[in-house]
Amino acid sequence: MKPIRLFFYVLLIFYHVVLIAFALNLNDSVAQNLIDSASTVVIFTLVGFALFLVVFGLAWFDRRRYQSKIDKLKAEKNEIKAQVYDMKRREDEIDQEIQSFESSLDAEEKPTDEPSDTDQKRLT
């Protein structure tokens, strides 16, 4: 679509350059002919307006197409963010379970102040 749009941009610029050059080199006889046949001016104006509408329509169509692609990528990005968040939350839950398990093991391994059976045997 880009080469077509570029072609219409060039065509529109060329059209306006020709009209401006024509208007700057306007002599009395050509001006009198334009006044006598105003339909020619209307035709030139309508052709310029039609070219402008074609260029505008192509640009709007391209923008809409790219905007839909951007919206799809944003939705995919949000989905990936949600998956990463869920994975991080699950990782935190696992870390908490491991810490609670480690703390329960540490509590079981703590030595008590009461003498054990082996200490009793040494005393005797």
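Student: In which helix is Glu108 found?

Tutor: The model is a predicted one. The helix in question covers residues 38-109. Glu108 is found in helix α3.

Student: Is Glu108 buried or exposed?

Tutor: The cut-off for the exposed class is over 50% relative accessible area. Glu108 has 65% relative accessibility, so Glu108 counts as exposed.

Student: Which residues gather with Glu108 in a patch of negative charge on the surface?

Tutor: Asp and Glu count as negative. The surface patch that holds Glu108 is made up of such residues, and the others in the patch are Glu102, Asp106 and Glu109.

Student: How many helices and how many strands does the chain have?

Tutor: Read from the N terminus, the elements run α-α-α-α. The secondary structure therefore comes to four helices and zero strands.

Student: What share of the residues of the chain counts as buried?

Tutor: A residue is buried under 20% relative accessible area. The chain has 124 residues, and the share that counts as buried is 6%.

Student: What share of the accessible surface of the chain belongs to carbon and sulfur atoms?

Tutor: The accessible surface of the chain comes to about 11100 Å². Of this surface, the carbon and sulfur share is 64%.

Student: What accessible area do Phe49, Phe52, Leu53, Phe56 and Trp60 have together?

Tutor: These residues form a nonpolar patch on the surface. One of them, Phe56, is found in helix α3. Another, Phe52, is partly exposed, with a relative accessible area of 43%. Together the patch residues have an accessible area of about 570 Å².

Student: Why is the pair of Phe52 and Phe56 stacked?

Tutor: The count comes to one aromatic pair. The ring centres of Phe52 and Phe56 are 6.2 Å apart. Being four residues apart in helix α3, Phe52 and Phe56 are separated by about one helical turn. Planes under 30 degrees apart count as stacked, and the pair is stacked because its planes are at 20°.

Student: How many salt bridges does a search of the whole structure find?

Tutor: A salt bridge needs a side-chain nitrogen of Lys or Arg within 4 Å of a carboxyl oxygen of Asp or Glu. The search of the whole structure finds four.

Student: How far apart are the closest N and O atoms in the salt bridge of Asp92 with Lys88?

Tutor: Asp92 and Lys88 are four residues apart in helix α3, which means a separation of about one helical turn. Asp92 counts as partly exposed at 34% relative accessibility, and Lys88 counts as partly exposed at 44%. The closest N and O atoms in their salt bridge are 3.9 Å apart.

Student: What is the N to O distance in the salt bridge of Glu93 and Arg89?

Tutor: Both residues lie in helix α3, four residues apart, about one turn of the helix. Glu93 is partly exposed, with a relative accessible area of 33%, and Arg89 is partly exposed, with 44%. The N to O distance between their side chains is 4.0 Å.

Student: Which residues do salt bridges that share partners join into one network?

Tutor: The side chains of Arg90 and Glu93 meet in a salt bridge, 3.2 Å from N to O. Arg90 and Glu93 lie three residues apart in helix α3, about one turn of the helix. Glu93 also meets Arg89 in a salt bridge. The residues joined into one network are Arg89, Arg90 and Glu93.

How values were computed: Residues numbered from 1 in each chain as written. Predicted model: local features only at pLDDT ≥ 70, side-chain atom pairs only at ≥ 80, totals over all residues. Heavy atoms only, no water. Patch = residues over 30% accessible without salt bridge, like charges linked within 9 Å, V, L, I, M, F, W, Y side chains within 5 Å. Areas by Shrake-Rupley, 256 points an atom, 1.4 Å probe, with all protein chains shown as cover. Charge placed at Lys NZ, Arg CZ, Asp CG, Glu CD. Helix = DSSP H or I, 4+ residues; strand = E, 2+ residues; numbered from the N terminus. Buried < 20%, exposed > 50% of the residue type's maximum accessible area, 1.4 Å probe, protein only. Phe/Tyr/Trp six-rings, centres within 6.5 Å; stacked < 30°, edge-to-face > 60°.
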